[in-house]
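I opened this notebook to keep track of what I looked up in the structure. The entries follow the order in which I went through it.

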Amino acid sequence: MSSYSEQRQQSSTKIITVIKCMTCDYTVEREMKDGDFVLKVEGKCPKDNGTLYIAGIYAETTQPQSQKK
Ligand SMILES: [Zn+2]
């Protein structure tokens, strides 16, 4: 059907959610879940109990078995 799917390397795109604390520099990244959106409150910071929020969402392409030079 689609003739442009020639790149059959098992590269997969992950959507990464970046979570930050409002009151300190704590940052964590994890795979995006359903319902994630920027500025959504995501719980409490383990460092200072501040509010964690989603600071950004981006796509990350991973290519197993290939090394960049
Ligand atoms: Zn914090």
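I looked up Gly-43 and found it opposite Leu-52 in β4. β3 and β4 pair in the antiparallel sense over three bridges. I take two strands as paired if DSSP finds at least two bridges between them. Strands here are DSSP runs of E with at least two residues, numbered from the N terminus.

I noted the ground rules next. This is a predicted model, in which local features need pLDDT of at least 70, side-chain atom pairs count only at pLDDT 80 or more, and totals for chains, interfaces and linings use all residues. Residues are numbered from 1 along each chain as its sequence is written.

I then checked the other partner of β4. Strand β1 (residues 12–21) runs antiparallel to β4, and ten bridges join them. Thr-17 stands opposite Ile-57 in β4.

I went on to the loops. The hairpin of β3 and β4 has six residues between the strands, and Asn-49 takes a positive phi near 65° there. Asn-49 is exposed, with 11 other C-beta atoms within 10 Å.

Leu-39 sits in the loop between β2 (27–31) and β3 (41–44). Its phi is positive, about 80°, although Leu-39 is not a glycine. Leu-39 is exposed, with 9 other C-beta atoms within 10 Å.

Note on methods
Helix = DSSP H or I, 4+ residues; strand = E, 2+ residues; numbered from the N terminus. Buried ≥ 20, exposed ≤ 12 C-beta atoms within 10 Å, placed from the backbone.
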